[in-house]
Amino acid sequence: MKTEFLFGDIVVVDDNQIGVIVKSWEDRLGFYHEVYVRSYNCIKKYREEEIERYRVRHKYLSEEEMEWQNR
């Protein structure tokens, strides 16, 4: 079996919270990931089944996003 997520993937946890995968491992029960969730300001552990891939992608960066991107 292979994990769906890799280090650095942006994900959705707890229905509407955005996070980043910081550590992954497998045990006899399946895959687990530690996710840094910015709004919680901490790293939390999730089973792979509790995580969704962040799918929102804009075609263009807004002016504010361009400023942030170029910092």
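# Close-up views of the predicted model

View 1. Asp14 is partly exposed, with a relative accessible area of 33%. Here buried means under 20% relative accessible area, exposed means over 50%, and partly exposed lies in between (1.4 Å probe, protein chains only). This is a predicted model: local features need pLDDT of at least 70, side-chain atom pairs count only at pLDDT 80 or more, and totals for chains, interfaces and linings use all residues. Residues are numbered from 1 along each chain as its sequence is written, and side-chain values use heavy atoms, with hydrogens and water left out. Asp14 is in the loop between strand S1 (10-13) and strand S2 (17-27). Helices (H or I, at least four residues) and strands (E, at least two) are DSSP runs, numbered from the N terminus. The phi of Asp14 is positive, about 50 degrees, although Asp14 is not a glycine. Asp14 also forms a salt bridge with Lys44, with the closest N and O atoms 3.8 Å apart. This pair links distant parts of the chain: Asp14 in the loop between S1 and S2, and Lys44 in strand S4, 30 residues apart. Lys44 is partly exposed, at 32% relative accessible area. A salt bridge is a side-chain nitrogen of Lys or Arg within 4 Å of a carboxyl oxygen of Asp or Glu. By this rule the count comes to four salt bridges.

**View 2. The salt-bridge network at Arg47.** Arg47, Glu49 and Glu50 are linked in a network of salt bridges. Arg47 forms one with Glu49, where the closest N and O atoms are 3.3 Å apart. Glu50 forms another with Arg47, at 3.8 Å between the closest N and O atoms. Arg47 is partly exposed, with a relative accessible area of 38%. Glu50 is also partly exposed, at 39% relative accessibility. Glu49 is exposed, at 59%.

View 3. Glu48 sits in the loop between strand S4 (42-47) and strand S5 (52-53). Glu48 is buried yet has no salt bridge. The nearest side chain of opposite charge is Arg53, 7.8 Å away. For charge, Lys and Arg count as positive and Asp and Glu as negative; His and the chain ends are not counted. The side chain of Glu48 reaches the backbone nitrogen of Glu4 at 3.1 Å. Leaving aside neighbours within four places in sequence, Glu48 is in contact (heavy atoms within 4.5 Å) with Lys2, Thr3, Glu4, Phe5, Phe31 and His33.

View 4. Strand S3 (residues 30-37) and S4 pair in the antiparallel sense over six bridges. Two strands pair if DSSP finds at least two bridges between them. Tyr32 has Arg47 as its bridge partner in S4. S3 and S4 form a hairpin with four residues between them. Asn41, in the turn, has a positive phi of about 55 degrees, although Asn41 is not a glycine. Asn41 is exposed, with a relative accessible area of 59%.

View 5. Five strands form an open sheet in the order S4-S3-S2-S1-S5, with antiparallel pairing. S4 and S5 are the edge strands; each pairs on one side only. Two bridges join S1 to S5, which run antiparallel. Val11 stands opposite Arg53 in S5. In a regular strand the side chains alternate between the two faces of the sheet.

**View 6. The whole chain and its confidence.** The protein has one helix and five strands, in the pattern β-β-β-β-β-α along the sequence. Buried residues make up 24% of the 71 residues. Of the contacts with a separation of 6 or more, 31% come from residues 24 or more positions apart. Among the elements, S4 has the highest mean pLDDT (98) and helix H1 (residues 63-69) the lowest (72). Where pLDDT is low, the predicted coordinates should not be read in detail.

How values were computed. Polar contact = N/O pair within 3.5 Å; in protein donor to acceptor, adjacent residues only side chain to side chain. pLDDT = per-residue confidence, 0-100.
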